[in-house]
Amino acid sequence: MRGAKSAKWVTGAIIVALAATACGGGDGNEGSKAKGQVDPNGIFTTDLGEPEKLLYTGDTMESNGAGVMKAVFSQLVGYKPDGSLEMINAESLTTSDSKKWTVKLKAGWTFHDGTPVTSKSFVDAWNWNANVKNAMGLSSWFSDIVGYDKVHPEAEGAKPTAETLAGLKIVDDTTFTIELTQPVPYFGHKLAYTPFAPLPESFYKNPKAAAEAPVGNGPYKFKSWDHKKKIEVVRFDGYKGPNKAKNGGVIFKNYTTLETAYEDLKSGNLDIIRQIGPKDLPVYHTDLGDRAVDADHAAIQSIGVAFYADQWAKPKPVDVRVIQGLSMAIDRATITKTVLQGTRKPATGWVPEGILGFQENAAGDVTKFDPAKAKDLIKQGGGVPNNKISIQFNADGGHKEWVDAVCNSITQATGVECVGDSKTDFQADLTARKTKQVKSLYRSAWSLDYPVNANFLKDLFLSTAAGNQGGFVNKDLDKMILEADSAPSLEESVKKYQAVEKELVKTMPSIPLWYYKVNAGYSEKVTGVKYGQDGDPILTGVEVFK
């Protein structure tokens with residue numbers, strides 16, 4: 001959510017972008033004889049909401065925009081199923097001390113406009129995304145690089161004293177170096193995320209126009225964007241990466257509800273759906289048969305706390321025991337079993353399964369359902385102001401059912417009145433978060449940008465992280481995070497971040513609910529449908545029947 005989200009905020013009951021690794025789905029051969037031959041130029045459709053804003057590499061931090069960006073841009077690296085790095089646009093990525101990194105690019109790569117992808121394409125793009133003047137939401141992803149404080153000063157309204165990051169040096173057309181302010185053992189993993197993509201020279205002539213019709217270096221070339229209706233991309237035949245498209249292109253169709261998308265899937269008007277809504281979870285296996293998908297997805301659903309809201313900030317900051325009590329008032333086991341039809345697993349911490357550093361029961365008792373303890377904690381903490389809370393959510397993402405269930409659980413357990421605060425769509429939901437208009441609590445979901453626990457901790461809970469949208473600030477935790485970043489090895493960094501996760505119990509920046517699974521499906525018109533660890537369908541592997 002970017003994630004950071006910084007990175008990728010998840011719009012629906014799942015979604016998001018990144019890995020080119022298959023983690024589930026059908027075997028890709030069902031019905032191939034009955035359907036005949038595959039058309040290598042066939043076009044298929046998948047559901048996608050309207051992106052929150054224009055498609056800047058440095059400002060796309062939600063799943064709708066990310067789905068398009070993943071198709072249009074390729075990164076230096078990607079991930080293998082075991083979480084290790086795979087070279088994509090990079091020939092190699094090396095470091096001897098986790099502080100200075102050397103990137104060598106593969107020769108012959110071009111952008112969709114035919115211009116070459118060079119070291120300058122990356123360095124210029126990163127400098128532009130990091131510069132405070134350009135107001136990119138993902139600029140904090142460059143904060144590890146020497147000189148970030150000069151191009152992006154922290155003080156509000158401050159102007160940059162440099163135009164470029166001092167830590168970036170071009171050696172030649174296919175080699176550049178990155179110097180960090182301190183060692184960051186997992187920095188190479190971060191380079192798989194969208195803000196680190198290259199940009200062509202044409203971008204800088206008119207950035208706004210370029211973000212309306214991005215020119216990338218990925219497996220698909222942008223074709224058109226009919227706002228709030230559809231986005232079309234077509235295969236880029238000049239693509240040099242390992243994941244060349246086995247189809248002619250993709251049409252991302254905009255839907256206002258998951259239920260409408262599912263009806264179109266059943267009627268043959270949609271080829272791939274990324275998530276089944278709660279209403280259809282009980283029947284989609286029966287409806288789709290072998291075309292129903294159940295797969296792993298490294299993501300977590302939580303309830304964010306708007307610490308800036310009057311309810312939690314005045315007359316004094318909320319006592320953590322109130323948030324702990326609300327968490328213990330939620331019957332996760334029953335809600336995931338009934339409302340969500342067993343398609344989610346109750347969370348026991350803030351880092352989901354499948355991520356390096358996952359630890360069972362990191363949250364201790366605060367995610368266990370205990371009505372008596374919940375009520376007592378809330379009382380000890382001074383109670384909930386006005387004895388009423390609301391949970392903001394986007395109406396187009398299939399969330400109403402579980403929000404209602406969570407509210408009912410809280411009210412029955414504690415007597416605190418709880419209501420859903422529905423926003424029309426994901427754009428409206430994100431706007432309310434970013435403009436600090438959330439009244440109480442909000443639905444928050446996060447999917448991996450890189451498979452290391454830091455992505456679910458630093459990129460959400462560091463005071464200055466772009467993904468920290470609830471106004472959570474804790475200087476002691478910031479210090480622990482920075483110490484984890486500077487650990488001498490990836491293994492030691494992961495271990496220190498595990499300690500950070502356990503420390504969250506004392507501050508409760510959010511309330512973990514459950515870990516995601518991909519529950520999706522596809523039509524009879526396509527085959528080879530697989531889903532990545534990030535929960536998205538792997539578009540390049542889809543084949544379309546003639």
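A disulfide here is a pair of cysteine sulfur atoms within 2.5 Å. Keep that cut-off in mind for the first close-up, and note that everything below comes from a predicted model.

**View 1. The disulfide between Cys407 and Cys418.** The sulfur atoms of Cys407 and Cys418 sit 2.1 Å apart, and since the cut-off is 2.5 Å, the pair counts as a disulfide. There's one disulfide in the structure. It ties together distant parts of the chain: Cys407 belongs to helix α13 (residues 400–414) and Cys418 to strand β16 (residues 417–423), with the two eleven residues apart. The torsion about the S-S bond comes out at about -50°, so this disulfide is left-handed. Are the two cysteines buried or exposed? Cys407 is buried, at 3% relative accessible area, and Cys418 counts as buried too, at 10%.

**View 2. Strand β13 and its two partners, β18 and β17.** Twelve of the 14 residues in β13 (residues 292–305) are buried, so the rest of the structure largely encloses this strand. One partner is β18 (residues 510–522), which pairs with β13 in the antiparallel sense over ten bridges. Look for Gly304 standing opposite Ser510 of β18. The pairing with β17 (residues 441–447) is antiparallel as well, this time over seven bridges. Here Val305 stands opposite Leu441 of β17.

**View 3. Asn89, in the loop between β4 and β5.** This loop lies between β4 (85–87) and β5 (90–95). How buried is Asn89? Its relative accessible area is 0%, so Asn89 counts as buried. What does Asn89 touch, once its neighbours within four places in sequence are left aside? The contacts of Asn89 are Gln75, Leu76, Leu105, Lys106, Trp109, Val117, Phe122 and Asn217.

Conventions. Residues are numbered from 1 along each chain as its sequence is written. This is a predicted model: local features need pLDDT of at least 70, side-chain atom pairs count only at pLDDT 80 or more; totals for chains, interfaces and linings use all residues. Side-chain values use heavy atoms; hydrogens and water are left out. Buried means under 20% relative accessible area, exposed over 50%, partly exposed in between (1.4 Å probe, protein chains only). Helices (H or I, at least four residues) and strands (E, at least two) are DSSP runs, numbered from the N terminus. Two strands pair if DSSP finds at least two bridges between them. Contact means heavy atoms within 4.5 Å.
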